[in-house]
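I opened my notebook for a first look at this model. I wanted to note down a few places, one after another.

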Amino acid sequence: VVVFLVICAALVFANLTLKGGGDFYVHWVGARAFLFDRIDPYSGEVPARVQQLVYEDSAKAGDEPYILDTPFQILLLYFPFLLLSDPMLARAIFTLVLELALFAFAILSLRLTEWEAPRIFTILFIFFSVFNFYTFRAIYEASPVLILGLLYIGILFTLRVKMDEFTGALMAFSLYYWEVGAPFLFLVFLRVYYEKRTRVYAGFFMLCFVLFFISFLSYPNWIIPFLRATVNNLRADFGFNIHAIFIHIWPSQGRIFAWIFIMALVMLLGFEWSSARSGRFAYRRFYWAACLSLAIAPLLGFRTEMEHLAVLIIPLALIFAIVHERWRRIGSILTILLMLVVFTLPWILYLFGINRFGAIAGEITFLFLPLFTVIGLYWIRWWAIRPPRILSDLANRP
């Protein structure tokens, strides 16, 4: 316990030296403005205050607007951090929560694969999960996407062990950042509906009712301001989306290519969701389809941000596990090579490409991980959705 507390204290001290933290500040400032100043958390006053904290000035062209578009029942979860009046200290402690969530997220992602990984690969995967570029961005911005990733992996775990009410509760906490998890949550709801697991709905609606009741009791008229802020945030010229990237690459035909690409992905998801509903090896199909849903979500045209890609630790764990198990003789080398590629390429693009190539380097960095993950998932699809069937397959298992 003493060692754990010392580590936590050291992490808080290290977090105090970080800049950024805008994703936390927008929630902390919004909640504090509502509770202490009686200001609408979805008003323009909140982004102005956050920009002062992050940029020490008002936002300029290309800066993040930091418009609060989190449902009020989720915003209530930030209220304990309002006890700290120092925004830097509050962000440092919240970042500690994210770091602990990230560690649990990485461990559970590995365990969900049922990969009996050698200790060295467990250490390598945790190192990869903690220090890759996308996780670094999430920690730097103090983004709750790492907590969302932990919730998603918790949903997959509790579904597998039939803790249905708890699954529903986790889903109730996951109802924001739609650009990250909407396809994943839709697949979960589809699976639950097909299996008639009504206790999942019981846990979901009970917690939703409690959270909504408290939110409307605290701020009865929050729905309209929240929807207005959501629309304003969608219109903001910040982040990444396929439409803007394709138009940048092909100025005249980019919009058409983007719609063709998105529609192809939607049809692909529809086919995989249909296959994941039932049949042999149903849970393995569902797990693989859930990973695919997370990987494809950034490519569906919604405006999203680099740090949101940190949730792809879940499908990457499955890819590394299957590659290592299926190709036992060269699997270790191949797994390490894949980890190195996914780890080093985004850092190289960020450290050396942004200044030299500008926006296109950022767009390549954004596209790289979801495209790599989708290709990797289809590469291992056969072995991922079927258990070992022949002696040679069994012999390849550790």
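**Nonpolar patch**

I looked up where the nonpolar patch comes from: helix α17 (residues 328-357) gives the largest share, five residues. Helices here are DSSP runs of H or I with at least four residues, numbered from the N terminus. The model is predicted, so I kept its limits in mind: local features need pLDDT of at least 70, side-chain atom pairs count only at pLDDT 80 or more, and totals for chains, interfaces and linings use all residues. Residues are numbered from 1 along each chain as its sequence is written, and side-chain values use heavy atoms, with hydrogens and water left out.

I listed the patch members as F136, I348, Y350, L351, F352 and I354, with about 550 Å² of accessible area together. Such areas come from the Shrake-Rupley method with a 1.4 Å probe, and for residues only the protein chains shown count as cover. Patch residues have over 30% relative accessible area and no salt bridge; nonpolar side chains (Val, Leu, Ile, Met, Phe, Trp, Tyr) are joined within 5 Å, like charges within 9 Å. A salt bridge is a side-chain nitrogen of Lys or Arg within 4 Å of a carboxyl oxygen of Asp or Glu.

I checked Y350, which sits in helix α17. Y350 counts as partly exposed because its relative accessibility is 34%. The scale is: buried under 20% relative accessible area, exposed over 50%, partly exposed in between (1.4 Å probe, protein chains only).

**Helix α3**

Which residues of α3 (residues 45-55) are buried? I found V46, P47, V50 and Q51. They lie on the same side of α3, because they cover an arc of only 130° around the axis. That arc is taken from the directions from the helix axis to the C-beta atoms. An α-helix has 3.6 residues a turn, so residues three or four places apart point the same way. The cover over the buried residues of α3 includes α2 (22-37). Just after α3, I noted E56 with a positive phi of about 55°.

**V323**

I turned to V323 in helix α16 (residues 313-326). V323 counts as buried, because its relative accessibility is 0%. Leaving aside neighbours within four places in sequence, V323 is in contact (heavy atoms within 4.5 Å) with G331, L334, T335, L338, W379 and I380. V323 and L338 are 15 residues apart in sequence, and 9.5 Å apart from C-alpha to C-alpha.

How values were computed
Helix = DSSP H or I, 4+ residues; strand = E, 2+ residues; numbered from the N terminus.
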